[in-house]
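Have a go at each task before you read its solution.

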Amino acid sequence: MHIINKMAQHQQRKIQKYIKTSSACRFFNQLTSPELLATVDNLLPEHRERYYPPTETLSMFLAQALNADRSCQYAVNHALVQRVAHGLPALSVSTGAYCRARKRLPLNLITQLVHTTGTHLEGHTPTEWRWKNKPVYLIDGTSMTMPDTPENQSRYPQQGGQKPGLGFPICRLLGIVSLSSGAIMRASVGRFQGKGSDEQSLLRGLLDQFSADDVIVGDAFFGTYFLLAALQHKHVNAVFEQMGARKRVTDFRTGRRLGTKDHVITLTKPKKKPDWMTQETYECAPETLAIRELKINGKILITTFLSTQDATRDELKALYKKRWNIEVDFRNLKTTMGMDVLSCKTPDMIEKEIWVYFLAYNLIRLHMAQAAFASNLLPRQISFKHVLQLWLACYRQNIEDDALNLIWAVMAQKKVGNRSGRIEPRAIKRRPKAYPLLMKPRAQAREEVIKNGHPKKLK
């Protein structure tokens with residue numbers, strides 16, 4: 001064999017050894033179960049050997065989502081240092097090859113991994129973590145902004161009240177989160193405004209994911225006739241807050257009385273068909289709907305649990321108070337992990353970035369569940385940020401697998417406070433910088449500065 005071919009084969013073997021032992025792949029493998037690895041194998045696309053194969057690229061993408069510095073340059077520099085540490089020649093510091101590798105990652109691979117991790121966690125949830133031995137899912141929506149590029153603006157336009165060039169593209173997210181483990185089970189991403197962009201429209205596309213005897217908990221936005229009818233048809237139970245318009249006319253003297261300010265009433269199908277609904281679907285909807293209303297601490301709740309034997313007043317009160325956990329989960333995603341402002345420049349990559357955040361979040365939740373189980377706690381009693389910081393330290397220090405049991409014990413030491421009913425003002429004390437708002441496109445403002453200089457008050 002020619003000496004050049006021998007050298008090339010030797011180099012390829014060294015590269016393969018690096019791929020198997022690199023810290024990025026260790027990061028991915030340590031966080032996965034055998035079922036998850038099987039999912040990866042089944043969904044990997046056909047690819048030739050590269051410096052950034054799909055598993056390595058996904059691992060680096062995950063590391064970006066979990067690090068404070070989420071730049072591609074940081075990811076490439078870290079991979080370069082790992083190559084040198086393993087005795088391999090350094091690659092270029094250019095991010096082009098890595099960015100192209102991220103574009104080649106199939107979105108289906110990432111979304112299926114999120115679903116698999118969520119299902120894996122929910123399937124192994126101990127009975128004592130559940131509410132009345134039923135799977136409970138929290139639903140809510142949130143929004144995120146992204147770089148102001150023409151591609152992002154075309155799919156996720158900025159808010160209508162903003163002038164062109166002054167706002168940022170924005171998308172809406174609807175998440176379904178497990179109450180017991182905190183894992184993201186399903187999610188849907190869409191435009192922030194326009195037909196079919198509201199939270200209920202996004203949820204309707206995910207209703208097939210629920211099974212009989214599931215329980216979903218949401219705020220007042222979801223307490224509509226047709227959504228309740230669809231859930232009852234699937235034998236899915238719901239606990240929502242009463243919508244504001246309905247709350248003003250609630251009369252507990254009517255209906256079948258179950259207790260103090262607790263009754264079952266019959267709703268009649270609205271005479272007007274919603275714009276989003278087809279005529280056939282409208283005609284198939286039931287003409288009447290039985291729901292239960294009860295007033296607790298100034299809130300009126302509605303539920304499909306129609307008797308006190310199914311759920312008592314105190315049980316429903318305690319369950320709805322746990323709805324706040326999804327707000328904390330969104331805070332962990334958007335503030336702790338930095339997903340509130342996305343960084344990719346195209347809509348396709350934006351969608352991948354969102355799902356990579358979800359996958360990284362679920363993988364951290366896997367560790368939290370393992371730590372909680374080992375310490376006889378509930379996963380939601382453990383600090384998410386504490387576990388994230390510990391795992392990043394383990395990742396950087398290449399902690400061996402045998403030491404993970406000790407790490408899980410340390411993860412369980414930091415518990416979140418039980419601050420039931422906590423109230424804080426929605427205001428900040430620290431004053432912002434005294435810069436005016438940018439009220440014209442940046443390019444136009446830059447030309448005016450070049451022509452006239454900066455305004456005197458900013459010099």
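**Exercise 1.** Find the residues that Phe 358 touches, leaving out those up to four places away in sequence.

A quick note on the model: it is predicted, so local features need pLDDT of at least 70 and side-chain atom pairs count only at pLDDT 80 or more, while totals for chains, interfaces and linings use all residues. Residues are numbered from 1 along each chain as its sequence is written, and side-chain values use heavy atoms, with hydrogens and water left out.

**Exercise 2.** Which residues touch the most other members of the largest nonpolar core?

*Solution.* First, the term: such a core is a set of buried Ala, Val, Leu, Ile, Met, Phe, Trp, Tyr and Cys residues joined through side-chain atoms within 4.5 Å. Buried means under 20% relative accessible area (1.4 Å probe, protein chains only). Among the 81 residues here, the answer is Leu 58, Met 337 and Phe 358. Next, see who supplies the core: helix α15 (residues 347–375) gives the largest share, 17 residues. Helices are DSSP runs of H or I, at least four residues, and strands are runs of E, at least two, numbered from the N terminus.

**Exercise 3.** Which residues lie on each side of strand β4 (residues 215–218)?

*Solution.* Val 215 and Val 217 take one side, Ile 216 and Gly 218 the other, and all are buried. Now check a neighbour: Ile 216 is the bridge partner of Tyr 137.

Definitions and conventions
Buried < 20%, exposed > 50% of the residue type's maximum accessible area, 1.4 Å probe, protein only. Pairing = 2+ DSSP bridges. Contact = heavy atoms within 4.5 Å.
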